[in-house]
Amino acid sequence: MTSFNDFGLHADINRALAAKDYTTPTPIQVQAIPPLMKGRDLCGIAQTGTGKTAGFSLPSIHHLLTYPHRATPRGCRMLVLAPTRELAAQIAQSCRDYGRFTKLSISTVFGGVPINKQIRDLSQGVDILVATPGRLLDLIDQRALRLDDVEIFVLDEADQMMDMGFIHSLRRIAKLLPSRRQNLFFSATMPKEIAGLADQFLNDPVTVSVAPQATTAEKVRQQISFVEQKEKQALLHHVLKTEEIDRALIFTRTKHGADRVVRHLAGAGIQAYAIHGNKSQAQRTTALQAFRSGQVRLLVATDIAARGIDVSGVSHVINFEIPNVPEQYVHRIGRTARAGAEGIAISFVAPDEKAYLRDIERVTRTRAEPVKLPDGFNEMVRNLPKPVQAPRNTGGKGRDPQRQREDAQRRSGEKPNRGPRREAPAGEGAQPQRKRRFRPRRGGVGAHKGAVTRVG
Ligand code: AMP
């Protein structure tokens with residue numbers, strides 16, 4: 001099976017694939033599409049980046065087109081559950097792309113945005129609904145959504161769902177689904193408890209796997225540097241200066257850690273955005289769009305926020321802190337080297353992280369190539385520019401990060417580079433709605449709508 005035409009997909013789908021220039025199905029697509037076309041349940045062990053979204057959405061769209069009927073009011077024919085808003089939005093976009101020559105209706109529901117529009121969108125019923133579990137249950141509780149007509153149920157990134165504590169929500173949702181339905185279950189890893197969850201959802205499934213459990217993404221060159229925690233920022237600045245970086249994702253373990261890295265980079269005049277759970281949806285969307293479009297090359301992220309992010313051209317993944325769960329390492333480095341491209345993963349390991357490193361090496365059965373600290377590193381640590389300050393509750397000129405960046409550039413003898421005001425110097429997307437309401441007197445540069453005024 002070497003061509004999409006061999007699957008017997010609906011002509012409108014083949015047209016959309018041709019428009020996207022997809023010629024050859026990926027391994028997960030080759031394995032998953034034929035049994036799904038026959039209506040079988042499926043358990044897929046695959047990471048993001050393998051083409052699994054098309055693997056499950058193409059045969060599902062084919063089913064919806066082959067058995068056409070209107071969705072019932074407040075109902076949906078296909079339900080896709082994803083752990084994060086970003087992933088949900090991305091899956092919905094893929095479905096729109098693959099269904100662009102059809103009249104299928106596709107909606108997303110997730111938290112962090114007003115619920116009323118979602119209630120209106122669902123009132124007539126939709127063909128495909130992509131949702132995160134929490135908001136889905138809110139809508140069900142408000143009687144804006146019912147699941148008794150779901151024909152296809154997809155649970156994506158099940159391992160991440162478990163990590164995020166969605167297990168009770170999933171159990172509740174499972175009880176609301178009709179017993180006759182097709183089930184698709186995807187997870188990057190399949191430890192025992194995930195296999196148990198799969199058992200609850202699946203009925204005589206076909207199991208497909210594109211990589212053995214927790215196999216490190218092929219084609220990723222893994223490097224490692226041993227460095228004190230407090231010296232990592234200097235090493236990061238060195239790496240950013242010396243590596244040929246198209247786009248880099250920098251991972252920290254905590255949200256505050258991500259903000260701190262961004263503030264330090266801003267202090268050195270290096271533009272970066274942070275994306276994590278404390279950011280508003282508007283900020284997360286702005287950061288992701290800026291990263292996707294190439295407006296910023298650096299995105300500093302926590303694991304959960306970065307899950308499922310599909311941005312092509314990520315040349316480097318930098319583990320500023322290595323994860324304490326080995327599977328998370330696999331997910332992180334899977335962000336680079338996507339769609340056949342080569343990628344580099346660089347990990348900074350502090351003495352107290354060595355135990356985590358051993359776990360990662362055991363699970364991935366690989367060893368990263370050690371890279372020595374650069375000559376003159378102590379000097380670099382001593383000369384590290386000061387971070388811009390974290391925002392306080394009061395606004396004002398002194399907290400304007402662009403001004404602080406300019407000050408930092410002046411201090412280092414550079415001519416300040418005054419970019420357009422609307423560009424974020426660091427850290428954030430749009431001002432969070434809720435906070436703006438509590439700061440009515442905020443004046444100064446950047447207080448106008450859509451501007452970015454704060455860091456961290
Ligand atoms: P996914 O694993 O579903 O997140 O897909 C990873 C990326 O591969 C996405 O950008 C897809 O648009 C792209 N993709 C999926 N299937 C194919 C294919 N058969 N040929 C080329 N690109 C693909």
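This is a predicted model: local features need pLDDT of at least 70, side-chain atom pairs count only at pLDDT 80 or more; totals for chains, interfaces and linings use all residues.
Residues are numbered from 1 along each chain as its sequence is written, and side-chain values use heavy atoms, with hydrogens and water left out.

**Stop 1: the whole chain**

Show the chain as a cartoon. Its secondary structure comes to 18 helices and 15 strands. Helices (H or I, at least four residues) and strands (E, at least two) are DSSP runs, numbered from the N terminus. Of the 456 residues, 54% are buried. Buried means under 20% relative accessible area, exposed over 50%, and partly exposed in between, with a 1.4 Å probe and protein chains only.

Switch to a surface. The chain exposes about 21,000 Å², and carbon and sulfur atoms supply 48% of it. Such areas come from the Shrake-Rupley method with a 1.4 Å probe; for residues, only the protein chains shown count as cover. Now consider contacts, meaning heavy atoms within 4.5 Å. Among those between residues at least 6 apart in sequence, 75% join residues at least 24 apart.

**Stop 2: the ligand**

Select the ligand and its shell.

Next, show the polar contacts. Each is a pair of N or O atoms within 3.5 Å; within protein, one must be able to donate a hydrogen and the other to accept it, and residues adjacent in sequence count only if both atoms are side-chain atoms.

- Tyr-22: a side-chain N or O atom is 2.3 Å from an oxygen atom of the ligand.
- Thr-24: a backbone N or O atom lies 2.9 Å from a ligand nitrogen.
- Thr-50: a backbone N or O atom lies 3.0 Å from a ligand oxygen.

Taken alone, the ligand exposes 500 Å², and the protein buries 78% of that.

**Stop 3: Gly-55**

Select helix α3, residues 52-66; Gly-55 is in it. Gly-55 has a relative accessible area of 1%, so it counts as buried. Leaving aside neighbours within four places in sequence, Gly-55 is in contact with Gln-29, Ala-32, Ile-33 and Leu-36. Draw a line from Gly-55 to Val-30, C-alpha to C-alpha. The two are 25 residues apart in sequence and 8.0 Å apart in space.

**Stop 4: Asp-156**

Move to the loop between β5 (152-155) and α7 (158-163), where Asp-156 lies. Is Asp-156 buried or exposed? Its relative accessible area is 0%, so Asp-156 is buried. Not counting residues up to four places away in sequence, Asp-156 touches Lys-52, Phe-56, Leu-81, Ala-82, Pro-83, Leu-87, Ile-91, Met-161 and Phe-186.

**Stop 5**

Most residues other than glycine have a negative phi. Two arginines here have positive values.

Select Arg-74, in the loop between α3 and β2 (76-81). Its phi is near 65 degrees. Arg-74 is partly exposed, at 34% relative accessible area.

Then select Arg-143, in the loop between α6 (133-141) and β5. The phi of Arg-143 is near 60 degrees. At 66% relative accessibility, Arg-143 counts as exposed.

**Stop 5: paired strands**

In a regular strand the side chains alternate between the two faces of the sheet. Two strands pair if DSSP finds at least two bridges between them.

Select β12, residues 316-319. His-316 and Ile-318 are on one side, Val-317 and Asn-319 on the other, and all are buried. Strand β9 (residues 248-251) pairs with β12 in the parallel sense over four bridges. Leu-249 stands opposite Val-317. Strand β13 (residues 343-349) also runs parallel to β12, joined by four bridges. There, Asn-319 stands opposite Ser-347.

Go on to β10, residues 272-275. Ala-272 and Ala-274 point one way, Tyr-273 and Ile-275 the other, and all are buried. Three bridges join β10 to β11 (residues 298-301), and the two run parallel. Ile-275 has Ala-301 as its bridge partner.

**Last stop: Ser-225**

Select β8, residues 220-226, and find Ser-225 in it. At 5% relative accessibility, Ser-225 counts as buried. Beyond four places in sequence, Ser-225 touches Leu-235, Ser-347, Phe-348, Val-349 and Val-371.
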